[in-house]
Amino acid sequence: MSQAAAIPFTGTKEQEQELQKSIDLHKSQKGALMPVIQEAQRIYGYMPEEVQKMVAEGMGVSLSEIFGIVTFYSQFSLTPKGKYKVVICMGTACYVIGAGKILERFEKELGINDGECTSDMLFSLNGARCVGACGLAPVISINEDVYGKVDEAMVPEILSKYKE
């Protein structure tokens with residue numbers, strides 16, 4: 001079983017109340033489904049099935065409609081994100097210079113696969129399309145920190161800056 005699947009939904013009553021306020025505010029507005037889903041993503045940090053059901057019921061639409069939206073748009077995530085979001089550019093320039101091996105090393109060091117989050121919610125790992133920093137290839141980012149000209153041997157040292 002993946003680490004992502006092992007992380008239970010831990011929404012709070014406060015989060016649920018905040019989402020319900022957003023639903024109540026937008027419920028009668030035409031075209032308000034997207035803003036409500038965006039607000040749900042902001043409140044919870046991702047869109048697990050439990051949150052999708054709350055939005056569907058509150059907005060009077062089917063769960064499949066919500067699922068279709070959150071899986072179509074890349075701004076939404078079905079899995080939780082860690083405190084530190086590790087993103088490896090997999091664009092052509094980065095990939096040719098070794099981004100695949102860098103991703104593999106992060107997977108090994110963190111014990112998770114691309115698209116997953118560690119069970120302690122400290123790190124999430126995602127490959128991304130071109131991030132537009134080809135001159136620094138291969139490039140990774142951890143939250144707002146950007147690292148260029150990375151090789152797989154640098155991964156443990158980079159991670160050590162974020163481990164608590």
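Q: Where do the bounds of domain 1 and domain 2 come from, and what are they here?
A: Domain bounds come from an automatic or database domain assignment. In this predicted model, the assignment places domain 1 at residues 13-72 and domain 2 at 84-160. The C-alpha centres of domain 1 and domain 2 are 31 Å apart.

Q: What box do the C-alpha atoms of the protein chain fill?
A: Taken along the principal axes, the box is roughly 55 × 30 × 25 Å.

Q: How many helices and strands does the protein chain have, and in which order do the elements run?
A: There are eight helices and four strands. Read from the N terminus, the order is α-α-α-α-α-β-α-α-β-β-β-α.

Q: Is Ser22 buried or exposed?
A: The cut-off for buried is under 20% relative accessible area. Ser22 counts as buried because its relative accessibility is 7%. Ser22 belongs to helix H2, which covers residues 13-26. With neighbours within four places in sequence left aside, Ser22 contacts Val36 and Glu39.

Q: What share of the residues of the protein chain count as buried?
A: Of its 164 residues, 40% count as buried. The accessible surface of the chain comes to about 9300 Å², and carbon and sulfur atoms hold 52% of that surface.

Q: Which residues touch the most other members of the largest nonpolar core?
A: In soluble globular proteins, nonpolar side chains tend to be buried together. Here the largest nonpolar core has 24 residues, and Ile88, Phe106, Phe123, Ile140 and Ile142 touch the most other members. Elements giving two or more residues to this core are strands E1 (84-89), E2 (123-128) and E3 (140-142), together with helices H7 (99-110) and H8 (155-160). H7 supplies the largest share, five residues.

Q: Which residues does the second, separate core include?
A: This core has 19 residues, including Ala40, Tyr44, Met59 and Phe76.

Q: What part of the contacts with a separation of 6 or more joins residues 24 or more positions apart?
A: In the protein chain, such pairs account for 63% of those contacts.

Q: How far apart are the mean positions of the positive and negative charges?
A: The chain has 16 positive and 21 negative charges, and their mean positions are 2 Å apart.

Technical notes:
Residues are numbered from 1 along each chain as its sequence is written. This is a predicted model: local features need pLDDT of at least 70, side-chain atom pairs count only at pLDDT 80 or more; totals for chains, interfaces and linings use all residues. Side-chain values use heavy atoms; hydrogens and water are left out. Buried means under 20% relative accessible area, exposed over 50%, partly exposed in between (1.4 Å probe, protein chains only). Contact means heavy atoms within 4.5 Å. Accessible areas come from the Shrake-Rupley method with a 1.4 Å probe; for residues, only the protein chains shown count as cover. Lys and Arg count as positive and Asp and Glu as negative; His and the chain ends are not counted. The place of a charge is taken as NZ of Lys, CZ of Arg, CG of Asp or CD of Glu. A nonpolar core is a set of buried Ala, Val, Leu, Ile, Met, Phe, Trp, Tyr and Cys residues joined through side-chain atoms within 4.5 Å.
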